[in-house]
Amino acid sequence: MLRDIIVDSKAIDRALAGEELSYNDGLELINSDNQFVVGATADLVRKKLVGNTVTFAASYYMNYTNLCAASCQMCAFYRKGDESDAYTLTPEQIEARVAAAKSMGATEVHIVGGFHPSLQLDYYENMMRIIKKNHPDLTIKAFTAAEIFFLSKLTKTSVKEILSRLKSAGLDSMPGGGAELFHPDIRNQIVRGKCSGQEWLDTIEQAHNLGIKSNVTMLYGHIEKPEHIIDHLIKVRELQKKTGGFITFIPLKFSLDNTELEQKHQVNHESSAIYDLKIIALARLMLAGHLNNISVYWVALGKKLAQVALSNGGSDLVGTAFSEEIYRAAGKPTHSSVMELATMVKEIGRAPAQRNTFFEVLRTF
């Protein structure tokens with residue numbers, strides 16, 4: 001049994017007792033050299049909280065532009081406008097892509113883009129209206145808190161008004177991107193021209209207060225230190241206590257290829273599989289009882305490691321990621337089908353289920 005092999009770990013004891021873990025507990029776990037124990041504990045907590053079902057969505061990822069006023073050191077996706085592959089989708093192109101995704105079985109459209117330096121609010125409102133008018137059964141999960149904050153500054157319109165107008169136009173929920181890591185000491189080294197961690201949190205809190213639920217992410221595996229990870233998780237937990245607006249937590253593994261961090265030799269390798277599993281387990285244990293959906297983003301980890309992560313506290317595979325472009329720009333394969341994800345889950349003895357954006361089960365396999 002797990003308890004028989006644990007040696008003097010107050011954090012593990014507290015986790016197994018269902019207690020909320022402290023900052024120091026988090027540091028103990030992330031610095032542990034026994035990932036088997038940490039992962040096994042997270043898996044026990046996962047089973048207690050959410051059972052043996054592994055969920056995923058049939059999702060279409062649409063990036064409406066890769067033009068971006070920011071120049072983040074960890075991003076390989078952004079363009080400045082004079083490159084041959086810079087683009088901004090027209091309303092007609094958006095409709096054609098969404099229609100194609102629906103024909104493939106997508107039930108949600110996941111929309112993010114760069115910080116376009118000149119697009120005004122009506123572009124985004126029209127995007128919502130076109131999709132809702134032609135595909136009312138599709139859930140629209142669109143625009144990160146970082147995009148909303150940028151648009152607020154660009155248009156000199158309040159965050160609350162922008163969110164209210166987008167919700168009226170058809171916005172259902174928001175993705176969790178742009179969170180990166182909240183702590184200013186590390187955030188200022190990996191992003192450039194993007195909102196601060198606190199501004200991200202303030203923006204998403206306003207969304208939650210308007211009834212717009214969201215995901216939340218964390219970018220790890222670059223130049224962060226353990227304390228930055230724990231700080232991020234605790235800030236997520238504290239906001240979740242306040243609003244209850246986060247749907248799932250998604251750790252995002254940093255993908256090195258074609259980024260400034262690689263080119264300047266600040267990072268010369270991606271995080272190890274052991275570290276990846278530790279992050280999933282840590283998220284489960286630090287957020288337990290407050291945010292119980294812990295997503296394993298197979299696009300970033302690869303399918304085999306994602307299966308292992310599901311036995312280290314994970315309970316969701318995010319989605320099919322039709323047409324995902326951001327990780328593709330950093331050299332990752334980014335496509336799967338509903339049946340392929342279901343097979344992944346069955347192979348490890350868990351129960352697959354297709355869900356909607358809000359984690360309501362649509363069908364089991």
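Of the contacts in the chain with a separation of 6 or more, 75% are between residues 24 or more positions apart, where contact means heavy atoms within 4.5 Å. This is a predicted model, in which local features need pLDDT of at least 70 and side-chain atom pairs count only at pLDDT 80 or more, whereas totals for chains, interfaces and linings use all residues. Residues are numbered from 1 along each chain as its sequence is written, and side-chain values use heavy atoms, with hydrogens and water left out.

**The whole chain**

Colour the chain by secondary structure to begin: there are 16 helices and 10 strands, taken as DSSP runs numbered from the N terminus, with helices being H or I of at least four residues and strands being E of at least two. Of the 365 residues in the chain, 58% are buried, a class that means under 20% relative accessible area, against over 50% for exposed and partly exposed in between, with a 1.4 Å probe and protein chains only.

**Helix α11**

Select residues 226–243, which form helix α11. This helix has 18 residues and reaches 26 Å from its first C-alpha to its last, close to the 26 Å expected at 1.5 Å a residue, the expected span being 1.5 Å times one less than the number of residues. Its buried residues are His228, Ile229, Ile230, Asp231, His232, Leu233, Ile234, Val236, Arg237, Leu239 and Gln240.

Zoom in on Gln240, which is placed in helix α11 and counts as buried because its relative accessibility is 8%. Leaving aside residues up to four places away in sequence, Gln240 touches Gly245, Phe246, His290 and Leu291. Following α11 comes Gly244, whose phi is positive, near 65 degrees.

**α10 against α11**

Axes here are lines fitted to C-alpha atoms, for helices over the stretch in contact, and angles run from 0 to 180 degrees between N-to-C directions. The angle makes α10 roughly parallel to α11, since angles under 35 degrees count as roughly parallel, over 145 as roughly antiparallel, 65 to 115 as roughly perpendicular and the rest as oblique. To see the contact, show Leu201, Ile204, Glu205, His208 and Asn209 of α10 together with Lys235, Leu239, Lys242 and Thr243 of α11. By class, this contact of α10 with α11 has three nonpolar, three polar and three charged residues.

**α8 against α10**

Keep α10 and select helix α8, residues 159–169; the two axes come within 10 Å and cross at roughly 45 degrees, and α8 and α10 are therefore oblique to each other. Here Val159, Lys160 and Leu163 in α8 meet Thr203, Gln206 and Ala207 in α10.

**Two residues with positive phi**

Finish with two single residues. Phe143, in the loop between β4 (139–142) and α7 (145–155), has a positive phi of about 70 degrees although it is not a glycine, and Phe143 is buried, with a relative accessible area of 1%. Val318, found in strand β8 (residues 316–319), has a phi near 65 degrees, a positive value in a residue other than glycine, and counts as buried at 7% relative accessibility.

Technical notes. Ala, Val, Leu, Ile, Met, Phe, Trp, Tyr, Cys and Pro count as nonpolar, Asp, Glu, Lys and Arg as charged, and the others, Gly among them, as polar.
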